[in-house]
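Q: Please take a close look at the metal site of this chain and the strands around it. What holds the metal, and how are the strands paired?

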Amino acid sequence: MKIRNGLFLVALVVTALFLNQRAANAAGPMNVSTGTISLKGTVKFLGTVPAPKPINMSADPSCAKQHSSPAMSQDVMADAKGDLQNVVVFVSEGLGDRTFDPPSQPAVIEQKGCLYAPHVLAVRASQQLEVVNSDPTLHNIHPLPANNREWNKAEAPGTTTQETFAREEIAIPIKCNVHPWMRSYVAVFNHPYFAVTGKDGSFELPNLPPGTYTIKAWHEKLGTATQQITIGANETKHVDFVFKSM
Ligand SMILES: [Cu+2]
């Protein structure tokens, strides 16, 4: 009898494992087909978009030579519809005491045509930041953080250097001491729930756990906008941000 009970238990466990596996298989494709975007939206600029200004690169002819027409300022980049680029949208509160390991892949910022690409970058705390000099001229990358260690590195043409930022900070201005017009911003997060808007002003924050969050949108010239949202399980919420000229 004892043996038969034991066999019965084994059979139950096997059945349970089998059902679990079937449940996992069913959940996998379902997550893909319904999408795992928890939060998506757009960022708009309201009003007349300030005209970009040409950048004077005559101080370094090797920079100017790389542009067939003058490079334009990148501080407010919006199209005719007001779609606003280079806005960092992120979870500012609501994740509690969850912790997240930094990704093993590096983030990359390039110095090309004596401009930073991208102009606005978001990385994780302690993630490797690869700084690439693709130009035939000397650059100097010099972040000016408020909450991180300041570093300052000269970079010979065609070389790459690596650095990190240890703490969350939105956002760190980056300058080049050689070319005063060069400016970028690096936002540093200790979680993965952030995005930088592209040309169409849109963003997506995937895989947010259900909860109530403070979402912020940061722009280098236009300031910070804030909204509260609550996301349920398997839910996608839309949030739109609007910035006006300051
Ligand atoms: Cu430079």
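A: The chain has two helices and 16 strands, taken as DSSP runs (H or I of at least four residues for helices, E of at least two for strands) and numbered from the N terminus. This is a predicted model, in which local features need pLDDT of at least 70 and side-chain atom pairs count only at pLDDT 80 or more, while totals for chains, interfaces and linings use all residues. Residues are numbered from 1 along each chain as its sequence is written, and side-chain values use heavy atoms, with hydrogens and water left out.

The copper ion is coordinated by ND1 of His139, SG of Cys176, ND1 of His179 and SD of Met182, at 2.0 to 2.7 Å. Donors here are N, O and S atoms within 2.8 Å of the metal (3.2 Å for Na, K and Ca); water is not among the atoms, so sites may look incomplete. Along the chain the donors follow the spacing H-x36-C-x2-H-x2-M. The arrangement is tetrahedral because the four donor atoms subtend angles of 92 to 135 degrees around the copper ion; the criterion for four donors is that all angles lie between 85 and 135 degrees. Buried means under 20% relative accessible area, exposed over 50%, and partly exposed in between (1.4 Å probe, protein chains only).

Next come the strands. Strand β11 covers residues 183-189, and six of its seven residues are buried. Strands pair if DSSP finds at least two bridges between them. Strand β10 (residues 169-175) runs antiparallel to β11 and is joined to it by five bridges, with Ile174 as the bridge partner of Ser184 in β11. Strand β5 (residues 120-124) is also joined to β11 by five bridges, but these two run parallel; Ala122 stands opposite Ala187 in β11. Strands of a sheet pair through backbone hydrogen bonds, either parallel or antiparallel.

As for the chain overall, 40% of its 246 residues count as buried. Among contacts (heavy atoms within 4.5 Å) between residues at least 6 apart in sequence, 61% join residues at least 24 apart. The accessible surface comes to about 13,600 Å², of which 56% belongs to carbon and sulfur atoms; accessible areas come from the Shrake-Rupley method with a 1.4 Å probe, and for residues only the protein chains shown count as cover.

Technical notes
Four donors count as tetrahedral if all angles lie between 85 and 135 degrees; four count as square planar and six as octahedral if opposite donors are over 155 degrees apart and all others between 65 and 115; anything else is irregular.
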